[in-house]
Amino acid sequence: MKKQNKFKIILSCLIILLPALLGLLFFPKLNELAIQNWGTWEEHTSISGALLPVFLMPVILLPLQLLGLWITYKDNFRQGQSQKVYDLAIWILPVISLYASGITYTVICGMKLNYMVILCILFGTMFIIIGNYLPKCRQNHIIGIKTRWTLSNKENWNATHRFGSKVWLFTGFIFLLLAFFPYPIIIGIALPILVLIALLPALYSYFYYKDQLRKGTATKEDYARTTGQKIYIYITICILIPIFLILGIIMFTGNIQIQYQDDHSFSLDAPYWQKITVNYADIQEISYHEGEIDGHKINGFDSAKLMLGWFHNEKLGNHTRYMYARSSSYIVIKTNEKYLVISLADTTQTKALYETIQGHLK
């Protein structure tokens with residue numbers, strides 16, 4: 001490994017850890033700000049849940065950075081690889097760490113920013129940069145469009161990456177344009193695009209392989225898998241299956257549980273987010289609403305089933321949600337000048353909760 005790359009790797013690891021180091025250095029003040037801006041229902045805890053991402057993100061990204069760079073260095077295809085591609089591999093995760101932690105810090109400080117716009121700009125810029133680098137990327141098992149056909153044939157690899165470059169560049173400009181659209185449109189367009197940029201280059205690689213067989217410029221034997229490629233495929237499958245299973249469980253499971261503490265308070269609890277408690281004596285206003293609530297997530301957990309954490313819309317401003325996704329009714333509770341929005345599995349349960357809370361306020 002070049003001395004220059006060693007310095008970049010050490011620097012990249014320090015940058016990944018920088019948000020966590022700053023969090024430790026200014027921890028008391030950050031915790032105070034987190035509780036002040038977001039902690040109406042968290043003051044019973046000594047540490048606000050807002051601080052968790054500050055430490056969690058770098059802790060997750062650092063081992064991924066070291067593992068990815070170690071595998072890149074050990075890759076048999078590494079000889080002759082462009083230095084620009086190495087640089088891309090080194091700096092992707094540090095940028096993600098700074099961005100994600102920067103968002104967390106702005107949330108803790110109570111700053112009102114449209115984070116979806118920032119995310120679109122970041123993704124758009126990232127896709128454009130990666131799209132520009134793809135044609136320069138030589139065969140390897142870590143960086144690039146890795147299919148059975150690209151890894152087995154150099155011509156296929158080069159052609160697929162030229163095509164993939166155009167797809168990623170186009171996607172980058174689409175994401176930059178999405179920054180000017182409202183949240184629902186962004187989600188509705190962005191998710192299919194993310195699937196397509198993975199699927200289209202893989203399909204192109206397959207059809208390029210078929211075209212080579214038809215023209216006689218390659219044979220099936222040329223595409224025969226080597227022992228190393230088989231091992232790589234097995235390892236990839238063993239890694240991806242648990243990841244997708246875990247993501248599936250997280251995205252499509254979980255329920256909101258309500259616990260009543262005598263006649264003084266009630267608590268809301270759900271997986272993947274912290275428990276909150278509301279004292280009836282603190283409730284200033286409560287209202288029941290039919291229909292869906294608008295707004296965008298600032299920080300929290302947002303899946304196909306649940307919406308938990310901190311959100312923002314024009315009417316309520318920054319507020320906390322403990323809701324099921326696609327709810328057709330919801331409750332708004334105001335306590336100590338802060339808002340909590342609750343919905344249960346269906347309208348009947350949500351209305352029953354509203355009437356129960358109302359009964360304790362009389």
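**A friendly note on this predicted model**

1. Let us start with the whole protein. Of its 362 residues, 41% count as buried. Please keep in mind while reading that this is a predicted model. The protein has 10 helices and 9 strands, and its accessible surface comes to about 19700 Å², of which 65% belongs to carbon and sulfur atoms.

2. A word on how the chain meets itself. Take the contacts between residues at least 6 apart in sequence: 62% of these join residues at least 24 apart. L66 sits in helix α3, which covers residues 52-74. With a relative accessible area of 45%, L66 is partly exposed, because that label covers values between 20% and 50%.

3. Next, a pair of helices. How do α4 and α5 run relative to each other? Helix α4 (residues 83-108) and helix α5 (residues 115-133) pack at an angle of about 180 degrees, and angles over 145 degrees count as roughly antiparallel. The two helices are therefore roughly antiparallel to each other. On the α4 side, the contact is made by K84, V85, L88, V95, Y99, I103, T106 and V107. From α5 come Y115, I118, L119, L122, I129, I130 and Y133. The axes of the two helices are 12 Å apart.

4. Now for the charged side chains. Side chains of opposite charge can pair when their charged atoms come close. The count here comes to 2 salt bridges. In one of them, the side chains of D211 and R214 meet at 2.4 Å, N to O. These two residues are 3 apart in helix α8 (residues 183-215), so about one helical turn separates them. D211 also meets K215 in a salt bridge, at 3.2 Å, N to O. D211 and K215 are 4 residues apart in α8, again about one turn of the helix. Through shared partners, the salt bridges join D211, R214 and K215 into one network.

5. Together with I231, I235, I239, L240, I243 and F244, L247 makes a nonpolar surface patch of about 650 Å². L247 itself is partly exposed, with a relative accessible area of 44%.

6. One last residue deserves a visit. Where is R326 found? It lies in the loop between strands β7 (317-324) and β8 (329-335). Phi of R326 is near 60 degrees, which is a positive value in a residue other than glycine. With a relative accessible area of 67%, R326 is exposed.

Definitions and conventions:
Residues are numbered from 1 along each chain as its sequence is written. This is a predicted model: local features need pLDDT of at least 70, side-chain atom pairs count only at pLDDT 80 or more; totals for chains, interfaces and linings use all residues. Side-chain values use heavy atoms; hydrogens and water are left out. Patches are made of residues with over 30% relative accessible area and no salt bridge: like charges are joined within 9 Å, nonpolar side chains (Val, Leu, Ile, Met, Phe, Trp, Tyr) within 5 Å. Accessible areas come from the Shrake-Rupley method with a 1.4 Å probe; for residues, only the protein chains shown count as cover. A salt bridge is a side-chain nitrogen of Lys or Arg within 4 Å of a carboxyl oxygen of Asp or Glu. Buried means under 20% relative accessible area, exposed over 50%, partly exposed in between (1.4 Å probe, protein chains only). Axes are lines fitted to C-alpha atoms, for helices over the stretch in contact, and angles run from 0 to 180 degrees between N-to-C directions. Angles under 35 degrees count as roughly parallel, over 145 as roughly antiparallel, 65 to 115 as roughly perpendicular and the rest as oblique. Contact means heavy atoms within 4.5 Å.
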